[in-house]
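Here is a short briefing for a first look.

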Amino acid sequence: MVSTKAPTRVPGRQRFGGLLNGDYQTFLALFGFGALFTAFENLPKLRSFLFGLSSVDFPAVFGLLVVLCAMFWRSLLRRGFVWAEPAALTWMDFASVDRRRVVVKRMWTLWLGLVLVVGYTGALVTAIGGGSKDVWIAMSALTASGAILAAVTARRTAIRGETAGPVVLALAGLAVAAAGLGPIAIEVLAGVLFVVAVAMAFGGEPMSGVGRQELVDGWNARLLRAMAAVFMDPMLLIPESKPVPWLSLRPPTTLRLALAGVFGRLRYASASVVIACLVGVGHLAFPAVPPGPLFAVGAYAALVPFVGGLGELWRNPGRRRWLGASDWELRLVNGLVVAVLGLGWGVLLGLVTLTLGVTPAWPVWLGVPLAVVAALRTATRPPMNYDVSGGGAALQAMRGVDVLVVGSVLLSVIG
């Protein structure tokens, strides 16, 4: 008797997300692939947009790809693939399906998508710059080794201090760009990453073996993100705060709650460091891109997770009544806290640009306070009003981003 493995796909669910069913998913996939490959037919225009009349600084491009690998690694360490729908879990139990195969399959799908993003970016920039054979080999080796390291660490349960790894890799990319290292150094770095990946492959418990409660918790978080997209409520996407045992909230004050919201999200500090490296190296690699919008968008992405505490208070009238603080007090106190964070991130970005030998004009630094204002405006958005017609709902969802876009356009003009 030949035994067969039970299928891991829930009956009635479309394969490959419906990409092969000939419906709108197929159209969007074909349109997206066409748009991506069309970029290779417009290399002179892209070169003018990214580099202008300057020659391509391949060490800076190498450093940029290293930082992108760090972003890839940090994204996979979030382990957003660990989830399962409760109804599907029940079906798996009765159908004798190994739920570990479902989680592993989802991890590799997410991993493949991130590899394609990083690989496509490296290939496109190398093609624009007219890189030699050695550049292509170095880019490929770095992408492959970074992807292997990310997969090896993400497949196992979290270990203490693992988020420092992407920070170290981002700093390595900063050093590559600052020192002007070539393809040989990148290949050596790729070899080091591969050795680290081999060392990390042994030991630890696989994430695929987590219990039912962890899978359901992951499903709940995913469902919340999906509802945030459907109802255009971006504040639901901001991560929840973790408990801060050493910070007392008795008596509760606006300042204590603001600090609790920041310290409870310190796990995103490593991502802020990687973003600062990405902005600095990106400015060096693409000299023709206006630095003002780049700095503003980078600061906004780094600060938005830390305004989640204000967002939770703002959309919950019961908690605001319990606190007894006025709207202006909430804006002022949280604004000061976020301004301090913005100042710290700006100092970090200044150290990055100083290391790279880049001296942006002073108007460019206005992007950091602009991001602070935009983040606060995002957190203090009133509840959605779905009675509006036309693009009114979209304008409400873009609150905060609208200030960022308008300010970035002005900075690109005056910078």
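Helices here are DSSP runs of at least four residues, numbered from the N terminus. By that numbering, Asn-385 falls in the loop between helix H16 (367-379) and helix H17 (392-397). The model is predicted.

**Helices H6 and H8**

- Helix H6 covers residues 133-154, and helix H8 covers residues 183-200.
- The two pack at an angle of about 20°, and their axes are 8 Å apart.
- Angles under 35 degrees count as roughly parallel, so H6 and H8 are roughly parallel to each other.
- Their crossing is left-handed.
- The H6 side of the contact includes Asp-134, Val-135, Ile-137, Ala-138, Ala-141 and Leu-142. Further along H6, it also includes Ser-145, Gly-146, Ile-148, Leu-149, Val-152 and Thr-153.
- The H8 side includes Pro-183, Ile-186, Glu-187, Leu-189 and Ala-190. Leu-193, Phe-194, Val-196, Ala-197 and Met-200 in H8 also take part.
- By class, the residues of this H6 and H8 contact are 17 nonpolar, 3 polar and 2 charged.

**Helices H7 and H11**

- Helix H7 spans residues 164-179, and helix H11 spans residues 269-285.
- They pack at an angle of about 20°, with axes 9 Å apart.
- H7 and H11 are therefore roughly parallel to each other.
- The crossing of H7 and H11 is left-handed.
- From H7, the contact draws on Pro-166, Val-167, Ala-170, Leu-171, Leu-174 and Ala-177.
- From H11, it draws on Ser-270, Val-273, Val-274, Cys-277, Val-281 and Leu-284.
- The contact of H7 with H11 has 11 nonpolar residues, 1 polar residue and no charged residues.

**Thr-353**

- Thr-353 sits in helix H15, which runs over residues 327-356.
- Is Thr-353 buried or exposed? Its relative accessible area is 4%. Buried means under 20%, so Thr-353 is buried.
- Leaving out residues up to four places away in sequence, Thr-353 touches Phe-295, Val-358, Pro-360 and Trp-365.

**Asn-385**

- Asn-385 has a relative accessible area of 34%.
- Which separation do the C-alpha atoms of Asn-385 and Gln-396 have? They are 8.0 Å apart, and the two residues lie 11 residues apart along the chain.

Key:
Residues are numbered from 1 along each chain as its sequence is written. This is a predicted model: local features need pLDDT of at least 70, side-chain atom pairs count only at pLDDT 80 or more; totals for chains, interfaces and linings use all residues. Side-chain values use heavy atoms; hydrogens and water are left out. Axes are lines fitted to C-alpha atoms, for helices over the stretch in contact, and angles run from 0 to 180 degrees between N-to-C directions. Angles under 35 degrees count as roughly parallel, over 145 as roughly antiparallel, 65 to 115 as roughly perpendicular and the rest as oblique. A crossing is left-handed if the near helix is turned anticlockwise from the far one by less than a right angle, and right-handed if clockwise. Contact means heavy atoms within 4.5 Å. Ala, Val, Leu, Ile, Met, Phe, Trp, Tyr, Cys and Pro count as nonpolar, Asp, Glu, Lys and Arg as charged, and the others, Gly among them, as polar. Buried means under 20% relative accessible area, exposed over 50%, partly exposed in between (1.4 Å probe, protein chains only).
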